[in-house]
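Colleague: I'd like to learn how to read a model like this one. Could we go through it feature by feature?

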Amino acid sequence: MTLTVPRVGITAVASVLPEREVTTAELQDQVAAASGLPLPAGMFAQTTGIDRRRVAATDEYASDLAVRAARTVLDRAGLDALDVDLLLFASATRDMVEPATAHVVQAALGSRAHALDVTNACNSFLNGIDLARSMIVAGRARRALVVTGETPTRSMRPRLEGMAQARKAFAGFTFGDAGAAVLVEPVRTGGILDVDSETHSEHWPVGGIFGGGSRHPRGDEHTYFTGDGHKLRGIFEKIGLGLLERVAFRTGLGWDDYARVLVHQVTMPYLQRFVEVAGVPAGKLEITVPELGNLASATLGVQLARVRDRLAPGDRVLFVGLGGGVSLMTMVWEVSS
């Protein structure tokens with residue numbers, strides 16, 4: 001007896017950005033003024049390659065960005081919220097510790113789906129798509145709505161006590177806010193062809209936002225992002241190539257077989273180093289980090305939304321995700337006809 005696994009793919013995508021834009025120069029000036037530190041002119045921009053980013057309004061939450069993207073996806077697909085039977089809020093950011101932000105999104109949309117959160121740092125959205133696919137293959141869902149809403153700019157330190165603290169907090173100054181959503185459902189052709197991941201959890205202390213849980217339940221100190229950016233970059237470089245080599249060996253696909261390669265983007269130096277080490281042709285990338293910053297898990301959703309209209313049936317896209325913890329993830333998707 002041959003077991004036929006249904007094809008499952010991404011059938012619609014959308015992304016949203018907050019209206020407010022903050023340049024990196026403005027951000028550095030604000031931090032320098034609040035801290036009383038003589039930061040070298042242009043230091044933030046020169047170090048990160050980020051010129052500007054979008055920042056959510058004070059009354060705009062992660063769920064709001066997710067809801068806006070979700071409504072756009074449903075509208076583009078000609079669907080009602082009740083046509084979805086699985087809703088995953090897959091994000092590094094959430095509105096609150098409890099309940100799951102998926103319920104906030106669901107209440108706003110008016111859907112009645114099985115709803116839950118998926119969180120794995122900057123790989124959350126890619127993990128959410130993979131989980132949605134798995135549940136559809138298992139017969140636990142028919143159509144999934146995977147959404148993310150990221151507001152990591154709220155984890156930036158507004159004031160620095162000195163240069164030692166600045167070094168630990170600096171990675172937080174790369175962030176930008178955004179939302180994204182995709183529909184995941186059975187397709188006749190193409191779909192998600194391959195998924196792989198690699199996890200090195202011994203590196204979890206290298207960077208993160210360590211407040212809000214049982215270790216640090218209260219106080220502002222642990223609600224700011226802290227980490228060692230150079231160390232994190234070194235870890236990704238050391239373990240990332242093996243994952244890409246496995247995907248190439250298993251699928252038989254090389255760079256020329258992909259219409260686009262969408263990569264999580266932290267800073268321009270990170271991205272340039274990825275291109276150098278991995279050998280991916282720069283023309284395959286969709287570069288967003290200079291104008292939007294590090295969008296956490298929304299990065300790949302925003303990139304996909306930007307390139308979708310330029311993709312044709314049969315085109316393949318390679319997603320490359322990097323997340324604190326530390327985890328790496330790849331997904332190969334072929335546009336359905």
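Colleague: Which residues does V146 touch, leaving out those up to four places away in sequence?

Modeller: A touch, or contact, means heavy atoms within 4.5 Å. By that test V146 meets L88, A90, F125, G128, I129, A132, A180, A181, V182 and V184. Before we go on: this is a predicted model, where local features need pLDDT of at least 70 and side-chain atom pairs pLDDT 80 or more, while totals for chains, interfaces and linings use all residues. Residues are numbered from 1 along each chain as its sequence is written, and side-chain values use heavy atoms, with hydrogens and water left out.

Colleague: Which members of the largest nonpolar core touch the most other members?

Modeller: In soluble globular proteins, nonpolar side chains tend to be buried together. A nonpolar core here is a set of buried Ala, Val, Leu, Ile, Met, Phe, Trp, Tyr and Cys residues joined through side-chain atoms within 4.5 Å, and buried means under 20% relative accessible area, with exposed over 50% and partly exposed in between (1.4 Å probe, protein chains only). The largest core has 31 residues, and I129, V146, V182, V184, L304, F319 and W333 touch the most other members. Elements giving it two or more residues include β1 (8-16), β4 (86-90), α5 (124-137), β6 (144-150) and β7 (178-186). The largest share, 6 residues, comes from α5. Apart from this core lies another, of 24 residues, among them A12, V105, A115 and L145.

Colleague: In what order do the strands of the open sheet of 5 run?

Modeller: Strands of a sheet pair through backbone hydrogen bonds, either parallel or antiparallel. Helices (H or I, at least four residues) and strands (E, at least two) are DSSP runs, numbered from the N terminus, and two strands pair if DSSP finds at least two bridges between them. The order here is β1-β7-β6-β4-β5, with mixed pairing. β1 and β5 (114-118) each have a single partner strand, so one side of each has no neighbour in the sheet. β4 and β5 run parallel, joined by 5 bridges, and A90 stands opposite V118 in β5. Helix α4 (residues 101-109) packs on the sheet, touching β4, β5 and β6, while α10 packs on it with contacts to β1, β6 and β7.

Colleague: Is R157 buried or exposed?

Modeller: R157 counts as buried because its relative accessibility is 7%. It sits in the loop between β6 and α6 (163-169) and touches V31, Q165, A169, F173, E221, Y224 and T226, not counting residues up to four places away in sequence.

Colleague: And what about β11, on which sides is it covered?

Modeller: Both faces of β11 (residues 260-263) are covered, with R260 and L262 buried on one side and V261 and V263 on the other. β11 pairs with β12 in the parallel sense over 4 bridges, and V263 has V320 as its bridge partner there.

Colleague: How many cavities of 30 Å³ or more turn up?

Modeller: On a 1 Å grid over the protein atoms alone, a cavity is a set of points where a 1.4 Å probe fits but cannot get out; a pocket is an open set with protein on both sides within 12 Å along at least five of seven lines, and lining residues have an atom within 4 Å of a point. The search finds 1 such cavity. The largest cavity holds about 280 Å³, and of its 20 lining residues F236, E237, Y270, F274 and L322 are closest to its centre. α7 (229-251) supplies the largest share of that lining, 7 residues.

Colleague: Which residues lie nearest the centre of the second largest pocket?

Modeller: Those are L27, Q30, V55, T153 and M156, out of 18 lining residues. Helix α1 (residues 24-35) gives the most to that lining, with 4 residues.

Technical notes
Axes fitted to C-alpha atoms, helices over the stretch in contact; angles between N-to-C directions. Points joined across faces, edges and corners; volume = space filled by probe spheres on them.
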